[in-house]
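Let's take a friendly walk through this protein, with the sequence and the model side by side. Please have both open as you read.

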Amino acid sequence: MNYNWNWGIFWDQTPDATGTYFASLMSGLQVTVLLALVAWIIAFVLGSVVGIMRTLPSRWPVLIGNAYIELFRNIPLLVQLFIWFFVVPELLPGEFGMWVKQLRNGPFIAAMLGLGFYMSSRVATQVTAGINALPKGQRMAGTAIGLTTWQTYRYILLPLAYRIIFPPLTSEFLNTIKNTAPALTIGVLELTAQARSMQEFSFQVFEAFTAAAGIYLLLSAVVTIGMRLIEKRLVIPGFNVGK
């Protein structure tokens, strides 16, 4: 293979003279982490609400929750990003829609919403599974002592359910980090976008994407180790399988 390897390319200046290629990758990493964190907050909050709705005794919340999951889980993430970035602003009223399209952080906001709603459908299924995994006596005990439905979820069901599903939620958070990569298609300068920019300017394709892959692996390792430490403190004997 006739390829000119140059691992020192990371310390060369970028064409726009804003810093080195290494600095641009670190800038992309910061955007990736920030996008993943904000999207995860949206996913966790919405996913929790929808997951709880699917376990309520009333029929309509269950139907709405199921419809929500089918809608956002079965549309590819890339399509959802395009809808949030290109379609939604066109559907807004005149001046407001124009203001949204001119937002400086418009691509980031669209990616945040698209990724957050997409991942919320996956979180919702985990929350539902966690609540349904609890013994039925837990819910009945809340009713027996006079708790309302909200109080039963707040003080009895959810504290146990979240501990049970903490490992799969860790996997979903890692998926959120990896799913930030498609955001480059709508102009978000996250890690993959910066690696691609480095490759296009320097033609050092192997170095650029090897560095990006290594950074993703390191980031995932840090998250995994941190989550496992937290998981050990949340273990409930008899509820967490294999613990």
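## A salt bridge to begin with

Which residue forms a salt bridge with E172? The partner is R122, and the closest N and O atoms of the two are 2.8 Å apart. Please keep in mind that this is a predicted model. E172 sits in helix α8 and R122 in helix α5, so this pair ties together parts of the chain that are 50 residues apart in sequence.

E172 has a relative accessible area of 5%, and because buried means under 20%, E172 counts as buried. R122, with a relative accessible area of 28%, is partly exposed.

## The overall build

Stepping back, you will find ten helices and zero strands in the protein. Read from the N terminus, the elements run α-α-α-α-α-α-α-α-α-α. The C-alpha atoms fill a box of roughly 70 × 50 × 30 Å along the principal axes.

Of the 243 residues, 42% count as buried. The accessible surface comes to about 13700 Å², and carbon and sulfur atoms account for 66% of that area. Take the contacts between residues at least 6 apart in sequence: 74% of these join residues at least 24 apart.

## The nonpolar cores

In soluble globular proteins, nonpolar side chains tend to be buried together. Here, the largest nonpolar core has 53 residues. Which of its residues have the most contacts inside it? They are L25, A111, I131, I177, M198 and V223. Helices that give two or more residues to this core are α1 (21-53), α3 (77-91), α5 (106-132), α7 (149-164), α8 (166-178), α9 (191-202) and α10 (205-234). There is also a second, separate core of six residues, which includes V50, I69, F72 and A124.

Setting aside neighbours within four places in sequence, L25 is in contact with F10, L191, Q194, A195, M198, A211 and I215.

## Helix α9 up close

What lies against the buried residues of α9? They pack against α1 and α10. The buried residues of this helix are L191, T192, A193, Q194, A195, M198 and S202.

The length of α9 can be checked by simple reasoning. At 1.5 Å a residue, its twelve residues should span 16 Å, and the end C-alpha atoms are 16 Å apart, which agrees.

## The remaining salt bridge

How many salt bridges are there by this count? The count comes to three.

E70 and R73 are three residues apart in helix α2 (residues 59-73), so about one helical turn separates them. E70 is partly exposed, with a relative accessible area of 41%, and R73 is partly exposed, with 36%.

## Nonpolar residues at the surface

Some nonpolar side chains can be found on the outside. L78, V79, F82, I83, F86, V87 and L91 make a nonpolar surface patch of about 600 Å². Is L91 buried or exposed? L91, found in helix α3, has a relative accessibility of 70%, so L91 counts as exposed.

How far from L134 is V45, in sequence and in space? The two are 89 residues apart in sequence and 21 Å apart in space, C-alpha to C-alpha.

How values were computed: Residues are numbered from 1 along each chain as its sequence is written. This is a predicted model: local features need pLDDT of at least 70, side-chain atom pairs count only at pLDDT 80 or more; totals for chains, interfaces and linings use all residues. Side-chain values use heavy atoms; hydrogens and water are left out. A nonpolar core is a set of buried Ala, Val, Leu, Ile, Met, Phe, Trp, Tyr and Cys residues joined through side-chain atoms within 4.5 Å. Buried means under 20% relative accessible area, exposed over 50%, partly exposed in between (1.4 Å probe, protein chains only). Helices (H or I, at least four residues) and strands (E, at least two) are DSSP runs, numbered from the N terminus. Contact means heavy atoms within 4.5 Å. Patches are made of residues with over 30% relative accessible area and no salt bridge: like charges are joined within 9 Å, nonpolar side chains (Val, Leu, Ile, Met, Phe, Trp, Tyr) within 5 Å. Accessible areas come from the Shrake-Rupley method with a 1.4 Å probe; for residues, only the protein chains shown count as cover. A salt bridge is a side-chain nitrogen of Lys or Arg within 4 Å of a carboxyl oxygen of Asp or Glu. The expected span of a helix is 1.5 Å times one less than its number of residues.
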